[in-house]
Amino acid sequence: MKRLLIHAALLGGAVATIIPLAWMVSASFMPQGEATRFPPRLVPSQVTFEHYQTLFTNLNLGRAFLNSLFVAIAATLLSLLVNSMAGYAFAKLRFAGRDRTFTLLVAALGIPAQVAMLPLFLLLKSLGLVNTYAGVLIPYIATIYGVFLVRQFMVSIPDDLLAAARIDGASEWRIYWSVVLPTARPVLATLAIFTFMSAWNDFMWPLIILTDDEKYTLPVAVANLSGEHFPDLELMMASAVLTIIPVLALFFALQKQYIAGMMAGSVKG
Amino acid sequence: MKPQSRAALLFLTPGMALIALFFILPVIAGFFLSLTDFDLYSIGDAANTRFVGAKNYASLLDNPLFWRALTNTLYFSFVGGPLTIAVALAAALLLNAKLARFKALFRTIYFAPVVTTIVGVAIVWKYVYHPRVGLLNRMLDAIGIQGPDWLGDPRWAMPALILLAVWRGFGYATVIFLAGLQNVPEELYEAAKIDGAGEWKQFWHVTLPQLGPTFVFVGIITAIGFLQVFAEPYVMTPDGGPLNATLTIVMLMYREGFRWWNMGYAAAVAFILFAMVLLATLANTLIRRTR
């Protein structure tokens, strides 16, 4: 009896969680107007790709998709390099003021990103980076959270491993590149997923820094589209699928690394 | 310089320079910005900017729209946050039950909304809340209830946003709670059973106290996320919603700063947000200490 109740509750929760997403996918394949008809349909009477076609041909969402893909991939690669270098220095190299600097950095972890946005916009404007991909990318590259995540992992790399490489005469760069990075693969995977997803999902910053719809990322383009095309439920559902499914698929593929990284970031509590 | 210090400098420079230049510096500059009357004319020529002291903060306190945004944000956070945590705890307890099967599958499903793009799900939920053809009102209709115009009614717009936020956010807290639950030593339950404690008493006297640190962490993360709400109301209820019922602090900052270019004023809003996040963090930690 108890077993039944537990599973009924678990299943109920799962259904409630899935329904909006399932409706999104199903309605995106329905012929125009079918999702709003009475009685309601759960599955399309016939599967159509017309809305996806419209998005890519008439509404230029393919462009936004590629913009998002480019921004997210570039952010991921740059963030991996820059954050792993700094994280490594904080974890394993000895220099004056290291621990104090790191403590200060962690203290700044709680500052909301919006606090920096207005001056950052003015700064990038003076550098001529408004409405450029570089301008979108800048806040994603080096992050306090990224440095923190890498540092916490790399602290546990045995010092003997690095000492041995030093005795062999390896340069500091060589040690970092061929000894440290391969050992740190799990945390790099985590950082990569986090960076990709937050760059892909971000809305406010690209909304602020991009003014030209040729450069819009997917969330900005889709938000704009929903203003003009709100009555076209099936079309908008297709645009939501296009935005959400890539990150959802990435999560399903790499959820072990994602959850592990999330827990690693939470043990400081 | 010792060779390691020199290497450290090389490794640190790219990341730390970027963080300093594009985050720390703007945060500090933002505070000074909030003490000026920086506006559209200043963007044309910075010489048009004057130092005005705390005037922006003072006029915010005089602005009914600011109080509206503040109340809305607090409503969203103080109802949505605890609700998210309650749902997450319930889900985690179910998932942690010894009798439960398919745990990994359920966990994955519960977590899935967490990684979804806010703009995408905001659009989907806008249709879920559609007064006539929306999924929610159709379901209510089926059991004989006539649902309201969720996003168009000033009384229901905020609860509707809260429901979406709980849906999207509870999976995160669930996974953290689950880890916390798995760390509770089995001996404590054994001891409680020997003392004759039933399941409810075990939950109250063993599980909850043991989850203390987890509560603090989840509380802080949830509060920070809720206080910064922006994309959901921006997409679902443009321009602050019915009677500004869903105007939030970050929306006010965006509107003042990037639509009207009152950047000094908007910077003051940003620092009030900062203070709120700081307070929420402190409050969560203090509550834990006094227990």
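**A helix pair in chain A**

Helix 2 (residues 50–57) of chain A packs with helix 13 (residues 233–253) of chain A at an angle of about 70 degrees, and their axes are 9 Å apart. Here helices (H or I, at least four residues) and strands (E, at least two) are DSSP runs, numbered from the N terminus, while axes are lines fitted to C-alpha atoms, for helices over the stretch in contact, with angles running from 0 to 180 degrees between N-to-C directions. Helix 2 of chain A is therefore roughly perpendicular to helix 13 of chain A, given that angles under 35 degrees count as roughly parallel, over 145 as roughly antiparallel, 65 to 115 as roughly perpendicular and the rest as oblique.

This is a predicted model, in which local features need pLDDT of at least 70 and side-chain atom pairs count only at pLDDT 80 or more, whereas totals for chains, interfaces and linings use all residues. Residues are numbered from 1 along each chain as its sequence is written, and chains are lettered from A and ligands numbered from 1 in the order in which they are written.

Helix 2 of chain A brings His51(A), Tyr52(A), Thr54(A) and Leu55(A) to the contact, and helix 13 of chain A brings Glu234(A), Leu235(A), Ala238(A), Ser239(A) and Leu242(A); two residues are in contact if their C-beta atoms, placed from the backbone, lie within 7 Å. By kind, the residues of this contact are five nonpolar, three polar and one charged, where Ala, Val, Leu, Ile, Met, Phe, Trp, Tyr, Cys and Pro count as nonpolar, Asp, Glu, Lys and Arg as charged, and the others, Gly among them, as polar.

Among contacts in chain A between residues at least 6 apart in sequence, 78% join residues at least 24 apart.

Chain A is divided into domain 1 (1–48) and domain 2 (53–266), with bounds that come from an automatic or database domain assignment. The centres of these two domains of chain A, taken over C-alpha atoms, are separated by 33 Å, and their contact takes eight residues from domain 1 of chain A and six residues from domain 2 of chain A.

Chain A also meets a partner, since 68 residues of chain A are in contact with 69 residues of chain B. On the chain B side, helix 1 (residues 3–33) of chain B gives the largest share, 19 residues.
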